[in-house]
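Here are my notes from a pass through the model, point by point. Have the viewer open while you read.

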Amino acid sequence: MLGDKMRVQQGVSSSCTDDQLLFIRQQGIRHVFALFEDQHTDYDSVMRFVERVRKFNLTITDAGNTHLYKNPQFHLGLSERDRAIEEYNRFNRVLAKAGIPIVYMTWEPNQVLSTAYRVSDHTQGAVGRIVDIEEMKKRPFTHGRQYTEEEIWENFRYWLERVLPVCEEEGLTIALHPNDPPVDCLVGIPNLIHSADCYKKAFAMANDSPRLGMKMCFGCWLEGGEAFGDLLSDIAYFVDRKKVLIVHFRNVSSPMPYFEETLLEDGYMNMYEAMKQLVRHDYDGLIHVDHVPEYVESCGGKNASMAYSTGYMKGLLHSAMQEVHREMSDI
């Protein structure tokens, strides 16, 4: 049946507890992505964690270390970029040796930029992420000067030339995430991926290598609105071309310049339509809830909010599979 190859996952940290792993298993989930902390990026530490995850009948499908892939040294072409690329490649080789086939990249030297995390109009009393672009435009340069778009893309080319051969050698695929928030430039640094066209440019720069794919972040698509692209059309385009490795399933209150992250059912996108589009095009990759408003700690906090939204997403997936199957049967 269309959609039955889609794999639902949740995220784990390399320092998570056994109870957290059991909690994921108890939700009927069999796949996880892992963010390895700095002290856990050697092979022995990675394998200890892989084995611990396996004891709960879970599989790590993709992984990374935020400090290694969100590194301003190669994002901005700074003096230590070759060393930073070597470290990125070293850890990717470790992940490949551990049997983890998908690794990460987000061209964000400042990490994810946000205005606030608080209760607001669209968060149902939970603490959620808020972005106000007008506020961000008032912020000073973070790295001393205004960079040009040409510099950022040339740095990306330099990085590709040094990492794709390693991925080819090790059988790895890079999942490239868009910039969040996806505007053309903030705090003096142009954003590499702020539209569907930027993805097409990045893939062309990599000579359409199968070793470079995407994390298709629905949240970023919706934050950008028409300036990013049409989500349903872009699902069809990129899924059909086997470029989507991971889907971040997230909704927001409105497109920029101001948005709040919401429950899946509360944002401006009909997420059931997005799920049906994934099923119609037989998406066979990974999918997980991205950011969610966090519930009160005494009632489960982030674990409870992730479980609620993941369950909602799984319900959408199961319903979409049934509806699309009926559509195909009627043709």
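1. Which residues are buried in H5? Arg81, Ala84, Ile85, Tyr88, Asn89, Phe91, Asn92, Val94, Leu95 and Ala96 are, where buried means under 20% relative accessible area, exposed over 50%, and partly exposed in between (1.4 Å probe, protein chains only). Helices (H or I, at least four residues) and strands (E, at least two) are DSSP runs, numbered from the N terminus.

2. Some housekeeping. This is a predicted model, in which local features need pLDDT of at least 70 and side-chain atom pairs count only at pLDDT 80 or more, while totals for chains, interfaces and linings use all residues. Residues are numbered from 1 along each chain as its sequence is written, and side-chain values use heavy atoms, with hydrogens and water left out.

3. Back to H5, which covers residues 81-97. Its 17 residues reach 24 Å from the first C-alpha to the last, close to the 24 Å expected at 1.5 Å a residue (the expected span is 1.5 Å times one less than the number of residues). After H5 comes glycine 99, with a positive phi near 85°.

4. Next, H11 (residues 271-280) against H12 (residues 301-330). They pack at an angle of about 55°, axes 8 Å apart; axes are lines fitted to C-alpha atoms, for helices over the stretch in contact, and angles run from 0 to 180 degrees between N-to-C directions. H11 and H12 are therefore oblique to each other, given that angles under 35 degrees count as roughly parallel, over 145 as roughly antiparallel, 65 to 115 as roughly perpendicular and the rest as oblique.

5. Contact means heavy atoms within 4.5 Å. The residues of this H11–H12 contact split into ten nonpolar, one polar and four charged, with Ala, Val, Leu, Ile, Met, Phe, Trp, Tyr, Cys and Pro as nonpolar, Asp, Glu, Lys and Arg as charged, and the others, Gly among them, as polar.

6. H10 (residues 231-240) also packs on H11: the two axes come within 9 Å and cross at roughly 20°. That makes H10 roughly parallel to H11. Leu231, Leu232, Ile235, Ala236 and Val239 of H10 make the contact with Glu273, Ala274, Gln277 and Leu278 of H11. By class, that gives seven nonpolar, one polar and one charged.

7. H11 is mostly covered, with seven of its ten residues buried. Those are Met271, Ala274, Met275, Lys276, Gln277, Leu278 and Val279. Note that a lysine is on that list. The cover includes H9, H10, H12 and strands S11, S12 and S14.

8. Take a look at methionine 313 in H12. Methionine 313 is buried, at 2% relative accessible area. Leaving aside residues up to four places away in sequence, methionine 313 touches Val8, Phe249, Leu264, Met275, Ile287, His288 and Val289.

9. Last, lysine 201 in H8 (residues 196-205). At 40% relative accessibility, lysine 201 counts as partly exposed. Lysine 201 touches Glu149 and Trp153, again not counting residues up to four places away in sequence. Glutamate 154 is 47 residues from lysine 201 in sequence and 12 Å away in space, C-alpha to C-alpha.
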